[in-house]
Amino acid sequence: MDSKYTKMAMEYRNLIDVLMGDKDYADIVLYNGKIINVITREIYEGDIAIKGKYILLVGDCKKLIGPDTLVIDMEGKYLSPGFIDSHMHFESSMLTITEFSRLSIPSGTTTLVADPHEIGNALGPVGMKAMADEIDLVPNKVYLVVPALTPDCPDLETAGYDTNSKDMEDLLNYKHIIGIGELQGFSNAKHVYRNTPEIITDLLASTMYAKSKNMVVDGNAPELFGAELAAHIISTGGNCSCHETTTKEEAVEKLRQGVYLFMREGSTQRNMAECIRAVTEENMDSRRCILASDDMVAADLETSGHMNDIVRRTIKEGVNPVEAIQMVTINPATYFGLEDIGVLAPGKIADIAVISDLEEMVVDAVFIDGKLVASKGELLIDLPSYTYPDEVKNSVKIKPISERDLEIRAEGTTARVRCIELIPDQNLTGKAEETVRVYNGVAQPDVTTDTLEIACIERYGRTGNIGKAFVKGFGMKSGAFAESVAHDTHNILVVGTNIRDMTLAVNRVIELGGGIAIANNGRILSDMRLPVGGLITDELSGHEVSQKIAELERIAREDLGCKVHAPFMHLSFLSLSTSPTWKITDKGLVDVNNFKILSPTI
């Protein structure tokens, strides 16, 4: 027998001995609480007895109390399984796994399922394995689902590493990796089938290998219905999830087709309120409804909480509190096959959130593996900071650019130009046209119509491409900012009111080896280094990142006049070439729906 299961058999025998009264007592009894039973959707009074890392009994546990048992009075408190975030990216928080955990554990999150899609695009398997290595050092449960394809649209963008089925055997046999992440390569189903059918063949090879190992394969199906949705479901092996649903109609369709509906509610992409209408208005069964953050910034984790805040918002949409808790416990545990967590029952791991206010989801204490790890919003255990190896740093391989590199050439005195339209709190975009002035053969941004220039600079030294277009929605009056966080290939993105400041900001990001930089009137106002893949800092704590991003956002707002909140995260999604309608990559302005590159001028 596998040594893991031999050890578990011994641990289970010890539990049985305690329960049968022949040996020892419980280590901890959480006494006289209100049990949240996510199996039966009930709340009732009872105790929880813990031995080691396991739950011994849920119910009347008086006989399991011995002279050395720690008895904690839970009168008036609700006892819930620890919360699971089923789809998230550490890279979007710019934090290491350690620092993300430091901020999220006190709010009741005990399990994270992360997609290292971002570091995978930048660095390939070496980056994903480095992230898996860090998991060894954190107390919470962290699992990875890795990308089967990078970049997602090879004809439309350039990544730092080209991942495909050749990498799956190596990756899917590495520690802490439990499956394949979002299949964005087949999100635009019709156009992928017609233009790059070889991608489907390769994805199916990866999918079938994952299925042979009983692993999950996440889907990614924005605005797909009917035959296109069915084809996408089949591409995942038939057990599909999707976190890109933005309308009630999509939610209804996907639930009817057996999709696990990951209702996204992050820092800048908030779709739960629309998705949950399938439950609250159409009375659909919620067993396949799962709450996920996708992308969270450090400040929100610090000030609002994590999954408890998302559960709170879901309750306010008219969902029964226990049903909302099911969406972050038993529902995701069932989808991922995580049989030892997600419920409060004998033999399960004692990951428990103690809640004092059910409607507001106030988490008073958190237990992980039977140990009290957080109380009153404070972490009680030490988490040493983590430093990544040099092999996942220095990912920016290009030399400084010139102002001429960012020019959009045009003839005459005015030009009609195409503009990406930013949509706040969505990764979807609109499209528009504007007339701008042309000076010395160069189309000029126009702050009076909120028509700014946007550019995407390939940073891995593979092509030297620079894509250029215009964008509306930032509202900036001066300056520019640039960053090496640009979903999903993470080239350098820059938006600005003038080419001089745009060039300065880009070159500062290059000098930093990845990060964020703000320029105005020919000088750098502030910056932040992201040395790990150009995406994450291992030099700052979660709190320090939160403070630094707040400072950068304040400068963007006060000095540049930026009108959109979380501007760096909003900018980062304007290169997501799998999400409609127009996006910018290193190859140019992308018409996502029609799978082609457009000229920025008409």
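How many aromatic pairs does the structure hold? The count comes to nine aromatic pairs, where the rings of Phe, Tyr and Trp (its six-membered ring) pair if their centres lie within 6.5 Å, and planes under 30 degrees apart count as stacked, over 60 as edge-to-face and the rest as tilted. The model is predicted, so that local features need pLDDT of at least 70 and side-chain atom pairs count only at pLDDT 80 or more, while totals for chains, interfaces and linings use all residues. Residues are numbered from 1 along each chain as its sequence is written, and side-chain values use heavy atoms, with hydrogens and water left out.

One of the aromatic pairs is formed by Y12 and Y54, whose ring centres are 5.4 Å apart with planes at 80°, so this pair is edge-to-face. Y12 belongs to helix 1 (residues 3–19) and Y54 to strand 3 (residues 54–59), so the contact ties together parts 42 residues apart in sequence; helices (H or I, at least four residues) and strands (E, at least two) are DSSP runs numbered from the N terminus. Y12 is partly exposed at a relative accessible area of 33%, whereas Y54 is buried at 6%. Here buried means under 20% relative accessible area, exposed over 50%, and partly exposed in between (1.4 Å probe, protein chains only).

The rings of Y335 and F336 are also paired edge-to-face, with centres 4.7 Å apart and planes at 75°. Y335 is buried, with a relative accessible area of 4%, and F336 is buried at 8%.

L19 forms a nonpolar surface patch with I16 and M20, and the accessible area of the three together is about 300 Å². Patches are made of residues with over 30% relative accessible area and no salt bridge, like charges being joined within 9 Å and nonpolar side chains (Val, Leu, Ile, Met, Phe, Trp, Tyr) within 5 Å. A salt bridge is a side-chain nitrogen of Lys or Arg within 4 Å of a carboxyl oxygen of Asp or Glu. Accessible areas come from the Shrake-Rupley method with a 1.4 Å probe.

An open sheet of five strands with parallel pairing has the order 6-7-8-9-10, two strands being paired if DSSP finds at least two bridges between them. Strand 6 (83–88) and strand 10 (216–217) are the edge strands, each pairing on one side only. Strand 6 runs parallel to strand 7 (residues 109–114) and is joined to strand 7 by four bridges; F83 has T109 as its bridge partner in strand 7.

The count of disulfides (pairs of cysteine sulfur atoms within 2.5 Å) is zero. For C240, the closest cysteine sulfur is that of C242, at 6.6 Å, which is too far for a bond. C240 is buried at 1% relative accessibility, and C61 is buried at 0%.

Several backbone features were also recorded. The peptide bond between H487 and D488 is cis, with omega about -5°, and D488 lies in the loop between strand 23 (480–483) and strand 24 (492–496). A cis peptide bond also leads from P580 to T581, with omega near 10°; T581 is in the loop between helix 19 (567–572) and strand 27 (582–585). N32, a residue other than glycine, has a positive phi near 60°. N32 is located in strand 1 (residues 28–37) and is partly exposed at 26% relative accessibility. H176 has a positive phi near 70°, lies in the loop between helix 6 (168–172) and strand 9 (177–180), and is partly exposed at 27%.
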